[in-house]
Amino acid sequence: MQSRRERREVRPRAGWMVMGKGAAGPSALEVGKILVFFLCLFPSVSLQCKILKCNSEFWASTSSSGPEEEFCTALRAYNNCVRRTARTCRGDLAYHSAQHGIEDLMSQHNCSKEGPTTQPRAGTPAPPPPPQLQPDSQERSDGPEQCHYERSLPRHSSPPNYTHCGFFGDPHLRTFSDDFQTCKVEGAWPLIHNKYLSVQVTNTPVVPGSSATATSKLTIIFKNFQECVDQKMYHAETDELPAAFADGSKNGGDRHGANTLRIVEKVSGQHVEIHARYIGTTIVVRQVGRYLTFAVRMPEEVVNSVEDRDNQDLYLCLHGCPANQRIDFRTFRDRAVEGHGPGKSRMGSQPHGFTYQAAMAKCKERLPVEDLYFQSCVFDLFSSGDINFTMAAYYAFEDVKMLHSNKDKYHIFEKDAFGSNAAPRGSDLFSLVLLNCLAVLLWIECCWVHL
């Protein structure tokens, strides 16, 4: 009997998901993980849609190796379960992904659609593999040079330009180009999506009935990369900040460069770092209060390695939040200063006990420089009353100091964030005046010709 079935060795392909490339389709276990990922990205799955139940039953029934006949039987049962959800799940992406995944797996394993469909075994998923099977040894080789971003660059080339993106609080976004925005973006949104990795956040309301949101879930996909790392998924949510990938491992898998992708737990349940040296990237994930923060340091070349530029408009770290999702907290601040009253939610319904001056004093304790990190702290504290947002802004700035390559750009002030918009307007006004003058001159010349 083989110790590891061939279906365990196939890699995911891009035919029915947006994670990585490979020559063959996904294994049975990977199908379950992928569908869980889709359910995380699209939380709109209703209670009537039972695709999650089908997925979990199939995952449990295929979590350990067994004869090919048993796999085909479980796959047919899975197919029947998915078909029974068609009426309630027809508009759900996870449902359609399951359909395509089942077709791929049936083809790969030569499973006929007709045959026994015994109910998948009930029970919890199998325990993780024993420690000796998890490729996390510190003694393993870091692999070839192409698994180290800086070593793989051509000799005598200029050093790479590292950029930074941060996402924190209610929520505030600092893009790779150092634009600073405050956004609504409720629900699932992509922060990063390029050839090497994808990052998705899910934002939920801070106060019921309010447009104030904060990040409660985060999913990161590291895609297969040459002989360096296997595809890995990291998922975190409120009160669950794991120090391992979804499969229980802490590095990039079975390949020679596995240790160029590693998870390091800094503070249990509060601070995790992911180092992806093969793409020169460092990611910091924190839980502050009930919500998550995200920060990344990434080479400009990796930032811009998009595969389909026509579908990259919602890559928030690159393009910022859509205009209709942005909030001008300067207007909010001006109204708060004029009101001199206790803070209220954006819907104006629940007082939180912080005056604007009290919020400023509290934020000043951690953020002495009145930059946009300070302003975002005041905005969040005043609008939500959640004292933890003070620490979220503080740690976001600490991450900037750790990850940003230009110390002169640590602080961003209002003139930097909003002043750039004034220049184009002034330029447009000048152009308009100039065109009007030219029109007048042409009109005068025409009049003289006719005279």
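This report describes disulfides in a predicted model.

Local features require a pLDDT of at least 70 and side-chain atom pairs count only at pLDDT 80 or more, while totals for chains, interfaces and linings use all residues. Residues are numbered from 1 along each chain as its sequence is written, and side-chain values use heavy atoms, with hydrogens and water left out.

A disulfide is a pair of cysteine sulfur atoms within 2.5 Å. By this rule the count is six disulfides; the table includes three of them.

| Pair | S to S distance |
|---|---|
| C54 and C81 | 2.0 Å |
| C147 and C228 | 2.1 Å |
| C165 and C317 | 2.0 Å |

Helices (H or I, at least four residues) and strands (E, at least two) are DSSP runs, numbered from the N terminus. Buried means under 20% relative accessible area, exposed over 50%, and partly exposed in between (1.4 Å probe, protein chains only).

The disulfide of C54 and C81 has a torsion of about -80° about the S-S bond, so it is left-handed. This pair links distant parts of the chain, 27 residues apart: C54 belongs to helix α2 (residues 51-61) and C81 to helix α3 (residues 68-84). Both cysteines, C54 and C81, are buried.

The link of C147 and C228 is left-handed, with -95° about the S-S bond. C147 lies in the loop between α5 (93-108) and α6 (149-152), and C228 in the loop between β6 (213-222) and β7 (232-237), so the pair ties together parts 81 residues apart in sequence. C147 and C228 are buried.

For C165 and C317, the torsion about the S-S bond is about -75°, so this disulfide is left-handed. The pair connects distant parts of the chain, with C165 in strand β1 (residues 162-168) and C317 in helix α8 (residues 316-319), 152 residues apart. C165 and C317 are buried.
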